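Work through the exercises below with the sequence and the coordinates at hand. Each task is followed by a solution in steps.

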Amino acid sequence: MLAVQRMPRSASLFVAASFPFPNSSSVKQSVKVPFRYSGEAAKINVSAVRSKAGNGLATSSSSVATVSEIVTEENRSAETAEDKKKVVLPTNESSEKLLRIRHTCAHVMAMAVQKIFPDAKVTIGPWIENGFYYDFDMGPLTEVDLKKIKKEMDRIIGRNLPLLREEVTRDEAQRRIEAINEPYKMEILNSIKEEPITIYHIGNEWWDLCAGPHVESTGNIDRKAVELESVAGAYWRGDVKNPMLQRIYGTAWESEEQLKAYRHFKEEAKRRDHRRIGQDLDLFSIQEDAGGGLVFWHPKGAIIRHIIEDSWRKIHIDCGYSLLYTPHVARADLWKISGHLDFYKENMYDQMNIEDELYQLRPMNCPYHILVYKRKRHSYRDFPIRVAELGTVYRYELSGSLHGLFRVRGFTQDDAHIFCLEDQIKNEIRGVLDLTEQILLQFGFSNYEVNLSTRPEKAVGDDDIWDKATTALRDALDDKGWSYQIDEGGGAFYGPKIDLKIEDALGRKWQCSTIQVDFNLPQRFDITYVDSNSEKKRPIMIHRAVLGSLERFFGVLIEHYAGDFPLWLSPIQARILPVTDTLLDYCFELDKKLKANGIRSEVLHGERLPKLIRNAETQKIPVMAVVGPKELETQSVTVRSRFGGELGTMKVDEFICRVNSAIENKTFL
């Protein structure tokens, strides 16, 4: 059972000040290349982006006069990135010092809050991926309050107060909590099973129940490397029935330089936000009139989805998969058999009564694929059996957890299931790894974080088959040559699994691909095959997804490319720009010819050429074909590539050939 639609968490951040364009380590977004239109009308010079190293610029043989330069906002942003020094940001996992700083900052912040707001009650304050937070039971906080709290934190840090660890009995801890009237601390104490109880003091002025670790004194924190970021509401223990708390988020680093790099990283991430870019480029929307978490793919976004799906289908057919289409609803009994109604009900929508029978929107595709398997008897000679589907599923998410394309209520999984014999597991897993790499590489993802999760404490299936399946997964990874980490006990109750995270242009990690061996559903649905001795045996079932959710993967793609899609994936590959509207007949003939040759093109007119080019830059069009009187006379176009700069004037047939070659090879023009 694949459960991949969750808000991804970015992991290690290694890029903060210098951002190479995806797919080419040699490309920097801030390089300026002049564009020279060599026709008889206006001549302009615009900032552009250089293509791969060694990709020279073809210039026109005509004389050139420069009258203006257009620099887009995104290029200015990229220039800022280029000018800064690259800083490698540590993580909590790579730096224990950083983890101690962040944990201590949470305590320092809580102490500062209670100094300014004595009636505030404290709850918990952990370190998190890029900093820390602490939850308080108190009135709403403002930006002004955050500044006051940060100022008080600076004072505490400057006093160089020691962090002192103390062990006390449960009774003593209870007495102290009652003395300061902290009800949430009492609840936390009651949840702690171990003794003695550990307390950390900041000097002799403030303390909290805590297991550590912390820095030795507040003076070990660089106050210029700490920043309070935001305030959000959070229910105590995450339960809507509990009080709403004020959660203050902060970030902390080892040095001011790291904080500055992190700020720049946040600015770049904000610039790449798929929700903003999706709106600016008119790719998708979420219409509140239809309901939250339901995605509308607009024509341009739908074109990209179509390209992704077509490529996905071709690769799967080439790899021996049979494609399926299955219903969006089924009788509720099906989900009882699968166990979803017992273990996944909170993520499922209410059932529908149809002619006195209960039906359920599907949260998963797996039971459907099993029903297809069960439609006839199978022999051991039939294996492996591989089926795949781009299947839309529906899962209930709280409105507060919805986030653009990353967390939605209806989404399409690139789902597939393999039914095989025990001795086929390794080869099938290796085949999935190869297919995964093939699909991800075409989108520019080549760096992965891979985890192999083994048997948890509670599991179904015999020890023997667990050992065989885990060994097969491990051997397949070793055979593939990928490095991976073992997540002991992290497997699902129904089988071991491999999880793969892709790394984007900013170094963020996104969970996409997963491969799961399942001993549970074959047993629940009682699926069998006939072996060589004419005895009934149970096949092994493998669940796998490469992209995960198409919606979420599209969001990742948007942010990875900052909306600057490569030529083969761009919804509009070439925009034809006439110098004057008197040339429209030729432009529309050219547009028709490009479309006939499989190039997604359009004609844009009605403005002066500099504005047409500026608009094409803003809309991130990969190729511009400028048409003037000279081009009409010679049946040619003057070409500018977004990533290759000025390519000069060329005959239409040559232009079509070069564009199609770049599309086919997934390269820049």
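A patch is built from residues with over 30% relative accessible area and no salt bridge, nonpolar side chains being joined within 5 Å. The model is predicted.

**Exercise 1.** Find which residues make a nonpolar surface patch of about 270 Å², and check M244 against the cut-off for accessible area.

Solution. The patch is made by Y235, V240 and M244. M244 belongs to strand β10, which covers residues 244–252. The relative accessible area of M244 is 42%, so this residue is partly exposed. The cut-off to pass is over 30%.

**Exercise 2.** Locate the salt bridge between R247 and D135 in the chain, and decide whether the two residues are buried or exposed.

Solution. Start with the distance: the side chains of R247 and D135 meet at 2.7 Å, N to O. Finally, both R247 and D135 are buried.

**Exercise 3.** Describe the salt bridge between R313 and D310, then state which network holds these residues.

Solution. The side chains of R313 and D310 meet at 3.7 Å, N to O. Both residues lie in helix α8 (residues 299–318), three residues apart, which is about one turn of the helix. R313 has 21% relative accessibility and counts as partly exposed; D310, at 39%, is partly exposed as well. The network of salt bridges links R305, E309, D310, R313 and E551.

**Exercise 4.** Work out which parts of the chain the pair E422 and K468 links.

Solution. The closest N and O atoms of this salt bridge are 3.0 Å apart. E422 sits in the loop between β18 (410–420) and α12 (425–441), and K468 in helix α13 (residues 463–480); these distant parts of the chain are 46 residues apart. E422 is partly exposed at 42% relative accessibility, and K468 is partly exposed at 42%. A search of the whole structure gives 55 salt bridges.

**Exercise 5.** How many disulfides does the whole structure hold?

Solution. The search finds zero disulfides. Among the cysteines, C210 is buried at 10% relative accessibility, and C420 is buried at 0%.

Notes. Residues numbered from 1 in each chain as written. Predicted model: local features only at pLDDT ≥ 70, side-chain atom pairs only at ≥ 80, totals over all residues. Heavy atoms only, no water. Patch = residues over 30% accessible without salt bridge, like charges linked within 9 Å, V, L, I, M, F, W, Y side chains within 5 Å. Areas by Shrake-Rupley, 256 points an atom, 1.4 Å probe, with all protein chains shown as cover. Salt bridge = Lys/Arg side-chain N within 4 Å of Asp/Glu carboxyl O. Helix = DSSP H or I, 4+ residues; strand = E, 2+ residues; numbered from the N terminus. Buried < 20%, exposed > 50% of the residue type's maximum accessible area, 1.4 Å probe, protein only. Disulfide = S-S within 2.5 Å.
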